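Please have a look at the structure first.

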Amino acid sequence: NKYVSSWWEAIANWYREQFLYSDYYSQWANVNGITDFFETYMKNLCFTPILGRDNYASWAFLQYLTENPDGLKGYGSDFVKELMQQGKRNEYPYEEIERISGEDIKDTLGHYAKRLATLDLAHKKDYTARLNELTQYHPWNWGEIYTVLDRSTADENYYTVPTERAPQQFGLNIIPLKAEKGEVKASLEGLTNVAGADWRACLVVESKDKVTRYSSLFKAGETASIDYSPESDSAAYLVVTATPDKEVWQKIGVPWAYGEGEFDENNYPHLSKTRY
């Protein structure tokens, strides 16, 4: 399969992470709360996950499919094994995920993206500790992870994603919001004429006791809302992920490191990859 070389490292690091979570490791090393984390992936969220710019640290998507915190059909603890056993020759991995699970891959990616706003997975405490280390170490780490929108000068309460942060297919933006008491509300508008463009967005609120809640997923042309209380809540986010139609997917593997190949920069330049 010409695409899966970019998944080798993600799956290898996912396996390593399972070992770090295991009783085997905690007994052997006499430690808890260990994670390899996914720092470089968090700093490249607008680029395609796994089949993109960071293959080693992008195992968080596989972890989401394994934990299946949103109870989606077809995912769970055996899903990575099924991916490795049931793939077809030169089948694009995201098509395989949809085929095996029976789930809409757009909604899967939207639910996954919303969880990254507060790292709301089983090992959230460990991930958050590492994230806090990064953001406290230097403010540029915060700026690489989160997207700050540009405010329109023409319309009040209208914001656009900076051009350099517009996501490639399956890429995403985590946008911190300044929320006040009451209802947080957002409408999404697509700003591209590219055929097949689509998105999934979600409003996210974290309480002071570190419990995260979510709005429903919404698309371009739709509006969502969620309640926010300064007395009990500490943070709010808008998360948007690019979920183009299957017909316009740019099916890309990893460039060949030792010469000319199908996915090298000369044959598939980075700037040719659509931004949504």
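The lining of the largest pocket divides into 21 nonpolar, 6 polar and 6 charged residues. In this scheme Ala, Val, Leu, Ile, Met, Phe, Trp, Tyr, Cys and Pro count as nonpolar, Asp, Glu, Lys and Arg as charged, and the others, Gly among them, as polar. This is a predicted model, in which local features need pLDDT of at least 70 and side-chain atom pairs count only at pLDDT 80 or more, while totals for chains, interfaces and linings use all residues. Residues are numbered from 1 along each chain as its sequence is written, and side-chain values use heavy atoms, with hydrogens and water left out.

About 1100 Å³ of space lies in this largest pocket. A pocket here is an open set of points on a 1 Å grid over the protein atoms alone, where a 1.4 Å probe fits, with protein on both sides within 12 Å along at least five of seven lines; lining residues have an atom within 4 Å of a point. Of the 33 lining residues, Leu-149, Tyr-159, Ala-186, Ser-187 and Leu-238 lie nearest the centre of the pocket. Strands E2 (159–160), E3 (172–177), E4 (182–187) and E8 (233–242) each give two or more residues to the lining, and E4 contributes the largest share, 5 residues. Strands (E, at least two residues) and helices (H or I, at least four) are DSSP runs, numbered from the N terminus.

Now to the helix pairs. Axes are lines fitted to C-alpha atoms, for helices over the stretch in contact, and angles run from 0 to 180 degrees between N-to-C directions.

| Helix pair | Axis separation | Angle |
|---|---|---|
| H1 (5–21) and H4 (60–67) | 9 Å | about 55 degrees |
| H4 and H7 (105–116) | within 10 Å | roughly 105 degrees |
| H5 (79–86) and H6 (93–101) | within 10 Å | roughly 110 degrees |

What meets what between H1 and H4? Trp-7, Ala-10, Ile-11, Trp-14, Gln-18 and Tyr-21 of H1 touch Leu-62, Gln-63 and Thr-66 of H4, where contact means heavy atoms within 4.5 Å.

Ala-60, Phe-61, Tyr-64 and Leu-65 of H4 meet Thr-108, Leu-109, His-111, Tyr-112 and Arg-115 of H7. That contact of H4 with H7 has 6 nonpolar, 2 polar and 1 charged residues.

Finally, H5 and H6 cross at roughly 110 degrees. Their contact joins Phe-79, Glu-82, Leu-83 and Gln-86 of H5 to Glu-96, Ile-97, Arg-99, Ile-100 and Ser-101 of H6. By class, this contact of H5 with H6 has 4 nonpolar, 2 polar and 3 charged residues.

Key. Points joined across faces, edges and corners; volume = space filled by probe spheres on them.
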